Amino acid sequence: DDAAVVMNGRDLDGPIFPSGFVSLVSSKFNYLLSVPENLCVMSRSLGSIAEMAELEERVRDTTDALDALGNTTAATGKGFAIGSAVLTALSLLSAFKDKAALTVVDIGDPVVLSGVLFGAMLPFLFAALTMLSVQKAAGAIIIEVRRQFAEIEGLREGTAEADSDQCVVISTQSSVEEMILPGIYAILAPITVGLLIGPKCL
């Protein structure tokens, strides 16, 4: 018989160890794909510069080709990231099941089913909160732009410069402040459910 893989006294011949290993490898592979993905952003900016500078058509063709390459690798990287997240979740659930001493998890159990429904609702809650955050940040920038048009003389005529730094400050501040509430939900939701209902609901 082949020698079993043992770690901390546990047999790792089951499917959890390979899935965890594949998850680790695929997540590290994303770093390789991030290089052309970043190249996509730069080539898009270079294409805009080439268009404004009225350079030759072949320059824009080259930047468009690099942009397409970056978009393709970005989509591939997202696929690897999703697959890695699924395998990581599988490994974490298996480890939690062992630590919580749960031998059988029945989806027909009302406690388990309520945990499944609550967990399925959380991503939509996070998405809604982030969309509201984008709305608030965009609204604040619109108000700032209107204020500058009203107060800075010559801005409408193009003879004065806008205070773009203030818009950057609003965006940066909103990106930090608006993520506090989703972060609190993400941290406190499993703790609250685990303490009030129990490990089965998790």
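Reader: How many residues does helix H2 have, and what span is expected at 1.5 Å a residue?

Author: A helix here is a DSSP run of H or I with at least four residues, numbered from the N terminus. The expected span is 1.5 Å times one less than the number of residues. H2 (residues 57–99) has 43 residues, and its first and last C-alpha lie 62 Å apart, close to the expected 63 Å. This is a predicted model, where local features need pLDDT of at least 70, side-chain atom pairs count only at pLDDT 80 or more, and totals for chains, interfaces and linings use all residues. Residues are numbered from 1 along each chain as its sequence is written, and side-chain values use heavy atoms, leaving out hydrogens and water.

Reader: Is Thr 63 buried or exposed?

Author: Buried means under 20% relative accessible area, exposed over 50%, and partly exposed in between (1.4 Å probe, protein chains only). Thr 63, in helix H2, has 8% relative accessibility and therefore counts as buried. The buried residues of H2 also include Asp 67 and Gly 70.

Reader: What is Thr 63 in contact with, leaving aside neighbours within four places in sequence?

Author: Contact means heavy atoms within 4.5 Å. Thr 63 touches Ser 43, Leu 46 and Gly 47 on that basis.

Reader: At what angle do the axes of H3 and H5 cross?

Author: Axes are lines fitted to C-alpha atoms, for helices over the stretch in contact, with angles from 0 to 180 degrees between N-to-C directions. The axes of H3 (residues 110–151) and H5 (residues 180–196) come within 10 Å and cross at roughly 165°. Angles over 145 degrees count as roughly antiparallel, under 35 as roughly parallel, 65 to 115 as roughly perpendicular and the rest as oblique. H3 and H5 are therefore roughly antiparallel.

Conventions. Helix = DSSP H or I, 4+ residues; strand = E, 2+ residues; numbered from the N terminus.
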